[in-house]
Amino acid sequence: MIRKYIIKNKKGVFGISVLFLFGLIAVLAPYLATRNPWESFKPNLGISKEHLLGTDLLGRDVFSQLIWGSRISLLVGVGSAAGILIFGSLVGLASALSSPFMDEILMRFTDIILYIPKLPLLIFLAMMLGRGFLNVVLVMIFTMWPQTARIIRSEVLSLKQRPFVEAVKVLGVGTFGLVKILIPHILPLLLASLTNLTIWAVVYEASLSFLGLGDPSVITWGTMLYYAHVSGVIFIGNYIPIVAPGLCITIFGVGMHYLASAIQDVYAQRTRLWKPF
Amino acid sequence: MLQKIDVDYNNTILDVVHLKVYFPVRKWGPFKRGYVKAVDDVSLSVEKNKIYGLIGESGSGKTTLGRAIVMLERPTDGKILFMRKNLWELKGHDLKYFRRSVQMIFQDPFAALNPLWTVFKNLSLPLFIHDITDKKEIQRLCIQALTEVKLAPHYLEKFPHELSGGERQRICIARALILKPRLIVADEPTSMIDASLKGDICKLLVELKEKYNTSYLFISHEINVAQKLSEQMLIMYLGKIVEVLTTHQAGKYLHPYSKLLMYGMDYSIPDEVILRFKGEIPSALTPPSGCRFHTRCIYATPICTTQEPPLVEVEPGHFVACFLYD
Amino acid sequence: MEAILRINDLYVSYFTNFGEVKAVNGVTLNLNPGEKLGVAGESGSGKSTLALAIMRLIRPPGRIIRGAIYINGKDVTKMSERELRGVRWKQVAMVFQGAMNALNPTHRVAFQIMEAIRIHEKINKKEAFKKAINLLSLVGVDPARAKDYPFQLSGGMKQRVMIAMAIALNPSVLIADEPTTALDVVTQRKILALLKELHDRLKFSLLMISHDIDLLLHFCDSIAVMYAGQIVEQSSTKNIVQHPMHPYTAGLLKARFRSNFKEFWSIKGSPPDLISLPPGCRFRPRCDMASEECARENPELIEVKPYHFVRCLKVQDAAEN
């Protein structure tokens with residue numbers, strides 16, 4: 001139902017295409033990558049037929065790294081974002097729909113986590129849990145869920161006041177039914193958060209890698225950025241190892257953003273208050 | 001009207017007993033608290049097959065009273081009885097039965113419908129909730145409901161934003177009626193409808209009442225509309241009922257505030273008559289002492305400032321809360 | 001005597017995702033000096049858009065497509081923002097719908113009046129403050145409340161402040177858009193009485209817009225009835241009440257809940273869809289008198305009797321014979 005309308009919207013088409021494209025690249029990585037991303041060739045080559053985007057300072061094929069790197073980047077990005085969203089929404093919904101007392105308790109708990117500084121917490125947890133990208137995902141979920149919980153809670157609280165929600169309560173709908181009814185209404189918010197969180201996750205993953213807390217045994221767009229920076233390849237004049245992954249992150253972010261925007265547009269059309277002139 | 005000793009349970013749907021609904025308001029310090037006394041000691045019986053007009057301006061408490069009856073507001077004191085049981089003690093099967101019996105129509109028909117759903121989904125929701133699952137039956141009932149409010153079956157596929165205000169209100173009425181309730185609380189159903197179309201909605205409500213023997217609690221600030229529709233009128237001011245009368249006695253309002261409301265609607269009455277009543281509606285946070293209306297009343301006497309007038313029966317079925325008639 | 005406000009064949013539309021919403025479709029209207037003209041209309045009539053157009057406050061996706069609006073002889077549709085600043089509030093001012101909520105809750109009341117004055121006129125703060133105090137007493141608000149914030153005032157008082165802001169620079173034309181909604185019964189009459197008093201005193205011309213035709217009949221000298229972005233009838237109040245000629249006007253008068261009420265009555269059909277207006281006469285789908293020729297072309301607004309304009313083929317035909 002809503003999908004029909006997104007296709008009509010240009011922004012939505014762009015967003016979905018980007019998502020689809022990157023998803024496809026990630027899935028078909030073994031077939032698309034021309035070379036083994038770990039193998040060292042002649043370092044610092046420019047664009048050529050052999051190496052589509054050249055090589056970095058260690059001689060690794062940039063194009064192949066990009067292709068393979070999309071897998072982990074997307075996994076980490078979308079996975080963390082999804083995890084944050086799910087956990088945050090659950091807490092937010094529970095808080096908004098339960099008794100004021102329960103609401104207070106949940107919110108205080110959320111606040112506590114919220115007030116702990118992010119990066120130190122990230123570092124601490126990463127150190128505790130050790131290396132490995134799954135841990136990176138867990139760490140990010142744990143630090144970011146309170147933000148989502150607050151946003152969802154305030155949205156649901158305001159939705160609760162709307163006449164159509166009161167109407168369904170008067171009709172006799174129970175709490176579970178109410179949640180089912182409310183979810184499409186918080187969807188635009190969730191999707192908007194999703195884009196922010198995904199980009200955040202990808203960048204933070206790079207930060208962690210940068211600090212040596214990531215997983216050095218995997219290649220992601222973030223680690224590509226790290227290595228490009230650390231190896232100082234730009235000083236030699238080879239910009240490709242930085243521009244390529246950076247561009248990928250950007251395009252992906254823009255695509256997600258437009259998708260969320262398109263969904264918000266559809267939602268706005270439906271709920272548009274037609275004020276009499 | 002007042003708490004009878006022998007309430008006829010076969011005829012009464014709901015009994016409101018000394019209901020108080022207060023909303024706490026926190027002032028600047030954490031300790032200072034005021035209460036907005038939206039409904040302050042109101043008692044009434046809602047009987048079968050009768051249209052009640054609940055009139056008041058904003059701040060009178062009429063909307064809060066209506067909402068309390070459908071359990072959207074919790075009583076601070078007093079109780080509302082349905083089938084001899086306190087509303088908030090109903091559980092499970094009884095609660096579901098209450099929901100089938102008492103429904104509500106809201107003021108803003110657009111806001112009262114789920115904008116992401118088709119008319120069909122909006123209408124069929126109550127059926128799902130009350131365990132009607134057969135698809136054919138649901139379809140049949142929805143089309144029947146639409147026909148009752150004089151809309152063609154093809155409206156089922158439309159979305160609320162595609163309809164006009166009058167059509168949306170009809171859908172809300174259809175939704176309220178689909179379970180054949182005994183009482184519908186209508187909160188300002190005609191306020192957002194064009195003047196040229198109010199008549200149709202009123203006519204519809206009356207027709208449906210005759211057909212399904214539903215009672216209505218018609219809440220409005222438009223006294224002239226409510227008058228034509230109701231069999232019994234209740235006028236509220238700042239949380240209290242100030243007059244009750246049947247519409248045969250309409251026009252013979254006794255309470256000064258009721259008279260004021262009547263005059264207000266009628267532009268042929270010169271300004272001077274109305275402007276004698278001074279002031280504006282006081283805040284419900286700090287209502288005046290004694291008779292709530294005394295600060296504006298041209299007939300006020302010293303006793304009006306200190307004591308609250310009780311609701312007395314001046315003729316059969318006509319009650320007034322005013323010392324002029326005590 | 002030259003009309004102080006002359007609207008000539010005005011067209012205003014909103015270009016939305018749903019399509020072009022034709023809010024005003026060829027309105028020609030004259031407001032004479034000192035006149036109190038009421039514009040009656042319901043949802044979809046275009047009356048509020050008309051008011052905003054006069055003030056040149058139509059913003060995208062809305063646009064004035066065609067037509068002219070002459071205020072004191074000058075066409076405001078052709079003016080630049082700079083020139084408009086000399087017109088807005090000084091020659092034409094407006095009291096908006098739901099005005100009580102238009103006050104900035106974070107500024108004191110006198111400050112807001114001063115701001116309104118100082119944006120359009122070069123006077124210093126002291127002078128402006130004095131003026132604000134004067135205005136407050138003129139509209140019946142105790143000047144001691146000048147330093148209050150909006151939340152400390154009642155609805156009626158806020159409305160008075162809005163009126164004070166509107167008359168601050170002594171405009172020739174005052175537009176009042178639904179000035180009495182959301183006020184209680186007594187306050188409504190008080191505000192109307194205030195407007196009348198100010199009108200008599202300051203001698204501006206008043207354009208009052210309302211969906212409540214009873215209010216306009218009580219207050220105004222003449223009435224223009226709007227439907228689907230056009231004026232369908234215009235005449236003196238007396239004529240409108242005693243001899244309404246357009247079926248819509250007659251319908252509006254009949255649908256009132258008055259004391260001589262017999263049964264519930266409504267005009268059949270629904271308000272017009274401004275995106276897809278029917279061909280021919282816009283009121284045809286709801287008219288009992290409509291015939292074949294009504295579907296062919298939209299009638300012109302014609303003066304069928306001295307100062308009585310009607311836009312209806314049937315009425316115009318009957319008047320000819």
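Which strand order does the open sheet of four strands in chain C have? I began my notes with that point, on what is a predicted model, in which local features need pLDDT of at least 70, side-chain atom pairs count only at pLDDT 80 or more, and totals for chains, interfaces and linings use all residues. Residues are numbered from 1 along each chain as its sequence is written, while chains are lettered from A and ligands numbered from 1 in the order in which they are written.

**Entry 1, sheet of chain C.** I read the order as β2-β1-β4-β5, with antiparallel pairing; strands are DSSP runs of E of at least two residues, helices are runs of H or I of at least four, and both are numbered from the N terminus. Two strands pair if DSSP finds at least two bridges between them. I noted that β2 (19-31) and β5 (74-75) of chain C each have a single partner strand and stand at the edges, so one side of each is left without a neighbour in the sheet. Between β1 (residues 5-16) and β4 (residues 62-71) of chain C, which run antiparallel, I found eight bridges, and C:N8 has C:A68 as its bridge partner in β4(C).

**Entry 2, α3 and α4 of chain C.** I looked up helix α3 (residues 109-120) and helix α4 (residues 125-138) of chain C, whose axes come within 9 Å and cross at roughly 115°; axes are lines fitted to C-alpha atoms, for helices over the stretch in contact, and angles run from 0 to 180 degrees between N-to-C directions. The contact (C-beta atoms, placed from the backbone, within 7 Å) includes C:I113 and C:M114 of α3(C) and C:F129 and C:L135 of α4(C).

A nonpolar core is a set of buried Ala, Val, Leu, Ile, Met, Phe, Trp, Tyr and Cys residues joined through C-beta atoms within 7 Å, where buried stands for 20 or more other C-beta atoms within 10 Å of a residue's own. The largest has 198 residues, and among those with the most contacts inside it are B:L217, C:I113 and C:A164. Helix α5 (residues 155-167) of chain C gives the largest share of this core, eight residues. Not counting residues up to four places away in sequence, I found that C:A164 touches C:I113, C:L135, C:L136, C:L138 and C:V139.

I recorded 19 residues from chain A and 21 residues from chain B in their contact. On the side of chain A that touches chain B, α8(A) supplies the largest share, eight residues.

Terms used
A residue is buried if 20 or more other C-beta atoms lie within 10 Å of its own, exposed if 12 or fewer, and partly exposed in between; C-beta atoms are placed from the backbone.
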